[in-house]
Amino acid sequence: MANTALGRPAWSPITRYRRTLWLLTVRDLRVRYSTSALGYVWSILDPLVMAGIYWFVFTQVFDRPVGEQPYIVFLLTALLPWMWFNGAVSDATRAYLREAKLIRSTKIPRTIWVARLVLSKGIEFIASLPVLAFFAIVNGAVLHWEAVYFVLGVVLQAILTVGVGLIVAPLVVFFRDLERATKLALRFLFYASPIIYGIPDLQRLGLDGVAAFNPLAGIFSLYRAAFFPDQLDWYAVLIAALMSFILVAIGILVFVRTERAVLKEI
């Protein structure tokens with residue numbers, strides 16, 4: 001690593017971006033939990049409450065044959081990553097508006113304001129995995145070798161979420177109603193994604209082909225394969241990978257085309 005005249009290390013642009021991204025992410029996490037007495041508990045309480053509600057409805061009230069057993073583990077393997085996606089995209093709608101003064105006054109690459117949301121929510125997702133492990137152990141769920149696909153799921157979801165965030169964040173600056181529209185779309189996407197049900201459940205209805213074009217379907221099947229190998233659908237995974245890269249390319253294009261206008265607007 002080369003040194004400058006002042007004796008400071010001359011970092012490459014990639015190194016500077018990575019270090020800045022990490023510093024902003026740590027700042028986000030500290031601010032989020034520094035004033036909270038429960039701290040980490042809040043990051044897992046929401047998905048736990050939702051999982052408990054759906055577990056009760058589908059196993060105790062209706063007793064419908066959806067998903068696989070143990071159903072609470074089946075739910076959490078998709079619900080926890082959904083909270084990552086939902087939280088990052090929701091926060092991305094305010095990414096440039098919330099930090100307007102800082103964005104205008106610094107030369108930090110503006111994509112970093114979306115990337116740090118994805119990373120911070122991703123860290124919260126990783127931190128919630130002990131909860132999944134706890135319920136898996138308590139309910140006797142068997143961990144299969146397909147758990148190695150978990151890493152692929154994380155990578156694809158990170159790419160997908162950054163892509164969606166880069167599309168939504170700048171557009172909300174010009175169209176403020178898009179923030180509410182995004183929240184409505186996420187609510188619809190929750191039920192349109194295989195979270196409370198699986199891709200095999202859609203196969204019985206002949207909807208699996210259409211559902212595969214929801215990139216979250218393939219990504220969630222990668223997570224679920226750790227405990228439920230039959231849920232893995234490589235066709236859906238392939239579609240998810242293609243759509244993730246397409247969306248991140250579109251996101252970068254939207255960001256580049258709107259960056260100057262965004263700086264003027266905020």
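**Helical architecture and side-chain packing in a predicted model**

Read along the sequence, the protein chain follows the pattern α-α-α-α-α-α-α-α-α-α-α-α. It contains 12 helices and zero strands, where helices (H or I, at least four residues) and strands (E, at least two) are DSSP runs numbered from the N terminus. The model is predicted: local features require pLDDT of at least 70 and side-chain atom pairs count only at pLDDT 80 or more, while totals for chains, interfaces and linings use all residues. Residues are numbered from 1 along each chain as its sequence is written, and side-chain values use heavy atoms, with hydrogens and water left out.

Of the 266 residues of the protein chain, 48% count as buried; buried means under 20% relative accessible area, exposed over 50%, and partly exposed in between (1.4 Å probe, protein chains only). The protein chain exposes about 14,100 Å², of which carbon and sulfur atoms supply 67%. Accessible areas come from the Shrake-Rupley method with a 1.4 Å probe, and for residues only the protein chains shown count as cover. Among contacts (heavy atoms within 4.5 Å) between residues at least 6 apart in sequence, 78% join residues at least 24 apart.

Helix 8 (residues 177-192) has 16 residues and reaches 22 Å from its first C-alpha to its last. This is close to the 22 Å expected at 1.5 Å a residue, the expected span being 1.5 Å times one less than the number of residues. Within helix 8, E179, T182, L186 and F190 are buried. Seen down the axis of helix 8, its buried residues fall within an arc of 80°, so they line one face of the helix; the arc is that of the directions from the helix axis to the C-beta atoms. An α-helix has 3.6 residues a turn, so residues three or four places apart point the same way. On the other side of helix 8, D177, R180, L184, R187 and F188 are exposed.

T182, in helix 8, is buried with a relative accessible area of 9%. Leaving aside neighbours within four places in sequence, T182 is in contact with V89, T93 and V168. F190 counts as buried at 6% relative accessibility, whereas Y191 is partly exposed, with a relative accessible area of 48%. F190 is also touched by M50, a residue of helix 2. Not counting residues up to four places away in sequence, M50 touches L79 and M83 as well. M50 and L79 are 29 residues apart in sequence and 8.3 Å apart in space, C-alpha to C-alpha.

A search of the whole structure finds 13 aromatic pairs. F190 and Y191 form one that is edge-to-face, at 4.9 Å centre to centre and with 90° between the planes. Rings of Phe, Tyr and Trp (its six-membered ring) pair if their centres lie within 6.5 Å; planes under 30 degrees apart count as stacked, over 60 as edge-to-face and the rest as tilted. Ring pairs also link Y71, F74, F227 and F228 into a cluster. The charged end of R224 sits over the ring of F74, 3.6 Å from its centre; this assignment requires NZ of Lys or CZ of Arg within 6 Å of the ring centre and within 35 degrees of the ring normal.

R224 is one of the buried residues of helix 11. In helix 11 (residues 215-224), 10 of the 10 residues are buried, so it is largely enclosed by the rest of the structure. The buried residues include P215, G218, F220 and Y223.

A cis peptide bond joins Q69 and P70, with omega about 0°. Most residues other than glycine have a negative phi, and most peptide bonds are trans. P70 is found in the loop between helix 2 (40-61) and helix 3 (71-92). The C-alpha atoms of P70 and F135, 65 residues apart along the chain, are separated by 9.1 Å.

F135 belongs to helix 6 and is partly exposed, with a relative accessible area of 21%. Not counting residues up to four places away in sequence, F135 touches L48, I72, V73 and L76. S120 is likewise found in helix 6 (residues 112-138), but is buried, with a relative accessible area of 0%. Leaving aside neighbours within four places in sequence, S120 is in contact with T25, D28, L29 and R32.
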